[in-house]
Structures are given as C-alpha cells and as structure tokens.
Amino acid sequence: MLGTTDVIAFVPTTDRGKARAFYEGVLGLQFISDDGFALVFSANGIMLRVIQAQQFTPAQYTILGWEVEQIAEVVAQLQKGGVQFERFGFFEQDDLGIWKAPNGDKVAWFKDPDGNVLSVSQHVP
C-alpha cells in the first residue's frame, strides 16, 4: 500500500534560523515554506520537514542520508562550505573522513547545527 507513495523525512531542530541556513545554504536543499510547525524543503523531490522541537537529545546514529555518485567530490564540496565530517575510532576512514565497507560501499558522516547525524554514501552497483 505505502510502497507506491512518496516518503516524507523529518528532522528535529531547536533553532529554525540555524537549521534553515544549514539545509538551504550549506546543503543546497530547496526551501519551500515555513508552515509554523516545520521548515519544509525539497530534497530532489522528497519532502523534508525540519520540525521545531522544544528540546531533544540527538540520536547517536544516522537519521538522514543522501546517496551520491562521487562521494569524495561531494565531501570535499561540503567541507569547503564549512561542514566538518565525523571521525570514529572503531573503523578506518580516509583523509576526507570516508569509510569503505567490506563490500565497497562508502559512507561519510556529519552533523547539522542541532547535532543530528547525517550522511552521504556511495553504493556499489
């Protein structure tokens, strides 16, 4: 039933101004509206609602990610925009912060202004 409908993604924020600047200005998502409950963005046609929260504790795992074709280029571009990529001590990451899984998939993690863990990934066909 829901397999043929669009997904809507949700991310919490406590600071709408910082969130809008990050998702629109740094990540390049198209701002659609502020409906009073959430900032609404288009992420390549997928609705992302950055919802206002009084308070929350960011999850310590990825809550939102993007699949990209050239991960090293995307990471380098994001770094130029001020994004800092996370380093984890329990597996090896390259100089850009990209981890390569045993099957060849690649992932790099970063945080939004609220500390939500986001990622970019490149998957082998």
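Visitor: Which residues is Ser42 in contact with, leaving aside its neighbours within four places in sequence?

Guide: Ser42 is in contact with Leu29, Gln30 and Ile32. Contact means heavy atoms within 4.5 Å, so each of these residues has a heavy atom within that limit of one in Ser42. The model is predicted: local features need pLDDT of at least 70, side-chain atom pairs count only at pLDDT 80 or more, and totals for chains, interfaces and linings use all residues. Residues are numbered from 1 along each chain as its sequence is written, and side-chain values use heavy atoms, with hydrogens and water left out.

Visitor: Where is the place of Ser42?

Guide: Ser42 is in strand 3. Strands (E, at least two residues) and helices (H or I, at least four) are DSSP runs, numbered from the N terminus.

Visitor: What makes strand 2 and strand 3 a pair?

Guide: Two strands pair if DSSP finds at least two bridges between them. Strand 2 and strand 3 have four bridges, in the antiparallel sense, so they meet the rule. Asp34 stands opposite Leu39 in strand 3. The hairpin of these strands has three residues between them, and there Gly36 takes a positive phi near 90°.

Visitor: Why is the meeting of Asp34 and Arg16 called a salt bridge?

Guide: A salt bridge is a side-chain nitrogen of Lys or Arg within 4 Å of a carboxyl oxygen of Asp or Glu. The side chains of Asp34 and Arg16 meet at 2.2 Å, N to O, so the pair qualifies. Asp34 lies in strand 2 and Arg16 in helix 1, so the pair ties together parts 18 residues apart in sequence. The whole structure has four salt bridges.

Visitor: What makes strand 5 and strand 8 a pair?

Guide: Strand 5 and strand 8 (residues 117–122) have five bridges and run in the parallel sense. Trp66 stands opposite Val120 in strand 8.

Visitor: Which classes of residue does the lining of the largest pocket have?

Guide: Its lining has nine nonpolar, one polar and no charged residues. Ala, Val, Leu, Ile, Met, Phe, Trp, Tyr, Cys and Pro count as nonpolar, Asp, Glu, Lys and Arg as charged, and the others, Gly among them, as polar.
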